[in-house]
Every structure is written in C-alpha cells, then in structure tokens.
Amino acid sequence: PYIISFTIRRDGCLPDGTKLNDAIEYIDNNVYLPFLIPLAIAQFALAITALIHVLRHPRYRFGNKVMWVLVVLFIQFIGPALYFALGRGEE
C-alpha cells in the first residue's frame, strides 16, 4: 500500500550494503507495528466492553443473546459497533 523507490546495486543490495529484503522488513516493522498495536488494543477493548454489555443485559432491539455474542466476537470492529448502534436495547 505504499510506493518506495530504491537504488539497488547489481548484487541486489542498497548503496549502504543493506539487502533489499532487510530494508523492506525494517520499513514494514517500523511503519505498520506502531499503528497496528494501538488498533488491536482498541479493538480488544471495544469487543470486551460490548461482550460484557451483551451478557449483562437481557433486552435487545432485535436478535438474541447468542446472535449478538457471535457478532461481537467474530466481526472485528464492526460487530461491537453494530451492537452499540443497533442491537442494544433500552436500559
């Protein structure tokens, strides 16, 4: 999902001697990991919060407890958001 231009020597290394695969792996680890870790924590927290709410409340706008547990657990991000937007019943 990103475009990077490299100058590559005939032996397949960058001008500083780094192998191309090592450079790409370094970029992947330093670009994606700092973004993915907080995203994973947020998703986990949202799913746990929604799951606790599903298990503690007996009324839903539509569907039943089993359906909402499956939606919350197996449809990441969208499942908990759907539950809080559409499934949560009156308090």
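**Reading the helix packing**

Modeller: Let us start with one residue. This is a predicted model, and Q43 is found in helix α1.

Biologist: Is Q43 buried or exposed?

Modeller: Buried means under 20% relative accessible area. Q43 has a relative accessible area of 14%, so Q43 is buried. Leaving out residues up to four places away in sequence, Q43 touches Q76 and F77.

Biologist: Which residues make up the largest nonpolar core?

Modeller: The largest nonpolar core has nine residues: A50, L51, V54, Y60, W68, V69, V71, V72 and Y83. Two or more residues of this core come from each of α1 (20-56) and α2 (65-74). The largest share, four residues, is that of α2. Not counting residues up to four places away in sequence, V54 touches Y60, K65, W68, V69, V72 and Y83.

Biologist: Which residues of α2 are buried, and where do they lie around the axis?

Modeller: The buried residues of α2 are W68, V69, V71 and V72. Their arc around the axis is only 165°, and therefore they are on the same side of α2. The face turned away from that buried side carries the exposed residues V66 and F74. Among the elements that cover the buried residues of α2 are α1 and α3.

Biologist: How is the packing of α2 against α3 to be described?

Modeller: Two packed helices are described by the angle between their axes and by the distance between the axes. Here α2 and helix α3 (residues 78-87) pack at an angle of about 140°, with their axes 6 Å apart. Angles over 145 degrees count as roughly antiparallel and 65 to 115 as roughly perpendicular, with the angles between these two ranges counted as oblique; α2 is therefore oblique to α3.

Biologist: Which residues meet where α2 and α3 are in contact?

Modeller: From α2, W68, V71 and V72 meet G79, P80, L82, Y83 and G87 of α3. By class, this contact has six nonpolar, two polar and no charged residues.

Biologist: Finally, where does F62 lie, and which residues does F62 contact beyond its neighbours within four places in sequence?

Modeller: F62 lies in the loop between α1 and α2. With a relative accessibility of 44%, F62 counts as partly exposed. Beyond its neighbours within four places in sequence, F62 is in contact with M67, W68 and L86. F62 and R88 are 26 residues apart in sequence, and their C-alpha atoms are 8.5 Å apart in space.

Technical notes:
Residues are numbered from 1 along each chain as its sequence is written. This is a predicted model: local features need pLDDT of at least 70, side-chain atom pairs count only at pLDDT 80 or more; totals for chains, interfaces and linings use all residues. Side-chain values use heavy atoms; hydrogens and water are left out. A nonpolar core is a set of buried Ala, Val, Leu, Ile, Met, Phe, Trp, Tyr and Cys residues joined through side-chain atoms within 4.5 Å. Buried means under 20% relative accessible area, exposed over 50%, partly exposed in between (1.4 Å probe, protein chains only). Contact means heavy atoms within 4.5 Å. Axes are lines fitted to C-alpha atoms, for helices over the stretch in contact, and angles run from 0 to 180 degrees between N-to-C directions. Angles under 35 degrees count as roughly parallel, over 145 as roughly antiparallel, 65 to 115 as roughly perpendicular and the rest as oblique. Ala, Val, Leu, Ile, Met, Phe, Trp, Tyr, Cys and Pro count as nonpolar, Asp, Glu, Lys and Arg as charged, and the others, Gly among them, as polar. The arc is that of the directions from the helix axis to the C-beta atoms.
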